[in-house]
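Student: I am new to this one. Can we go through it by question and answer?

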Amino acid sequence: MAMEQRADVMFTGGRIWTGVEHRGPLDTVAVRAGRIAGMGSEADLAWARGPRTRVIPLGDRLLVPAFGDAHVHPLLAGLGMARCWLSDEPDDVDAYLDVVARYAADHPERPWIVGEGWSTRAFPDGLARASLLDEVVPDRPVFLVSRDGHSVWVNSAALRMAGVGPDTPDPAGGRIERDADGSLTGTLHGHALDLVADVLPVVSGAEFEAALLRGQAELHRYGIGTWQDAHVDAACQAAYLAVAGRGELTGRAALALAWEGDRGLEQVPDLVVRRQLVDDGGAGRVRAPTVKIVQDGVVENATAAMLAPYLDAYGRSRGDRGSSIHDPAALRDLCGALDDAQFDVHAHATGDRAVREVLDALTSARRVNGPRDSRHQVAHLQFVDPEDLPRFRALGVIADRLPYRAFDDGDGRSSTSSLVGAERAERMYPFGSLARLGATIAIGSDWGVTTPDPMRLLEVATRRTDPDRPAGRPLGPPSERLGVEVAMRAYTRGSALASRAENETGSIEPGRRADLVLLDGDPVNTPGVAFRDTRVLLTMVDGQVVWEDPGLDA
């Protein structure tokens, strides 16, 4: 047989999870020219083994399709990693302040201290206060985005620089936290972030490109070959095109172009132009089929849009049901216009009212525009009214599960319970219910809000416990856990579907792209092997190794 017909790489002698049914013996996969050239037994594929073939024995390890992250922010996370990065710190105010102080001392040349990754759980009243930052950085403005991306912690210098004071009104879709006497606390929510963000130093194109490469490397380290960047503005788009144009984008990216909240439907033609620019200049690695819209905030700061009011510390109604970013009528027009322009809608909806408003808007779009092969998806889905659960399958809307928050941490979840009541809290993150009702499920990490590691996310999705405290109490009823096979398909085929890459990746089949991941154990088939204890040893995209553990061949 001609040398060029031999395999470039063979994985052999072990277990393989393909994501699809495969008849006959299967312990070997051959890769040639970036695709799956054959699969079956080692004897079946003897023809593929040549003198230049790299042979990787599987043993007790597991070969799976490369994971797809359906909702992630690799560029912004990569940017954050080069700044004042708090995401790896414990939820402790003193730990945060130590990091900020060290970062400021190490970077005296920077006019602003910019960072991210703090959690409201670290603060007794949930409010990050300017006075604390004033003590460690009195000479420069500080701007720190919360881990969930919906709040910011600033010092007094930042408020002065932005001209934000006690008389500044709350902007539409935002809230400035104030003490009882009207003085500012130093915490801003929602669109109030923009009051200060608008005066931050401009990030250069080179910084954005370096951030994307940093974020991409981290995703590959965790076995992710395809992702959907869930919020891409024009500057981020330019970075993707520049990196792809140089041949340095080693994964496959679907961009969710950011809907600009201060503009209306007149921006739809501009988004169409941006989509075409990406499709033409993405070098086959980047496409822009989706537009990201945000319909509410998060429960922790009571900006998630709920059907029933939030509760006070005594369990009484506060009369506040959170904030819908778009009026339902405007949301219907928005979704209808995007659907008519052949865009998929990627909606942030945390509260049950926001979820219903988005589903209503997508129902209207289908009625007005007619059915099509849409990949509309709703992400977060912390609360979904039981009446709305069957609508996902009926509408063909993808349930974009971000599972890492779905465990009982003994702190933040109890504060959520106090805000919404025990009955509603028991229904948080209805993974199992959506799966049983036939919804298409995709899994995303929301990194840098949480970890990008699929092993930890799969642990939470299938067990509903903290990966660091596996013996802890699971969150919610056992029926809301995802089965292992269901969760694996959601993280591979489901995420590929959400990114419109299902004809290229998401399963191991002859002729498919050779997007593969080698795990150091088999948590799918082997009792006692947990996802949380499993590591990625190798990530391959298009037959090229994009990350490899140095000890793989040892």
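**Helix pairs and a hairpin**

Tutor: The crossing of helices α9 and α10 is right-handed. Keep in mind that this is a predicted model.

Student: How are α9 and α10 oriented to each other?

Tutor: Helix α9 spans residues 328-340 and helix α10 spans residues 352-369. They pack at an angle of about 50°, with their axes 8 Å apart. That angle lies between the cut-offs of 35 and 65 degrees. Therefore α9 and α10 are oblique to each other.

Student: Which residues of α15 make the contact with α16?

Tutor: Helix α15 (residues 454-463) and helix α16 (residues 484-498) pack at about 135°, with axes 10 Å apart. On the α16 side, the contact is made by Val-484, Ala-487, Met-488 and Tyr-491. On the α15 side, the residues are Pro-454, Leu-457, Leu-458 and Thr-462.

Student: How many residues of the contact of α15 with α16 are charged?

Tutor: Sort them by class. Seven are nonpolar and one is polar. The number of charged residues is none.

Student: Which residue is the bridge partner of Thr-28 in β3?

Tutor: Strand β2 covers residues 28-32 and strand β3 covers residues 35-40. The two run antiparallel and are joined by five bridges. In β3, the partner of Thr-28 is Gly-40.

Student: Which residue in the hairpin of β2 and β3 takes a positive phi?

Tutor: Look at the turn. Two residues lie between the strands of this hairpin. The one with a positive phi, near 55°, is Ala-33.

Notes:
Residues are numbered from 1 along each chain as its sequence is written. This is a predicted model: local features need pLDDT of at least 70, side-chain atom pairs count only at pLDDT 80 or more; totals for chains, interfaces and linings use all residues. Side-chain values use heavy atoms; hydrogens and water are left out. Axes are lines fitted to C-alpha atoms, for helices over the stretch in contact, and angles run from 0 to 180 degrees between N-to-C directions. Helices (H or I, at least four residues) and strands (E, at least two) are DSSP runs, numbered from the N terminus. Contact means heavy atoms within 4.5 Å. Ala, Val, Leu, Ile, Met, Phe, Trp, Tyr, Cys and Pro count as nonpolar, Asp, Glu, Lys and Arg as charged, and the others, Gly among them, as polar. Two strands pair if DSSP finds at least two bridges between them. Angles under 35 degrees count as roughly parallel, over 145 as roughly antiparallel, 65 to 115 as roughly perpendicular and the rest as oblique. A crossing is left-handed if the near helix is turned anticlockwise from the far one by less than a right angle, and right-handed if clockwise.
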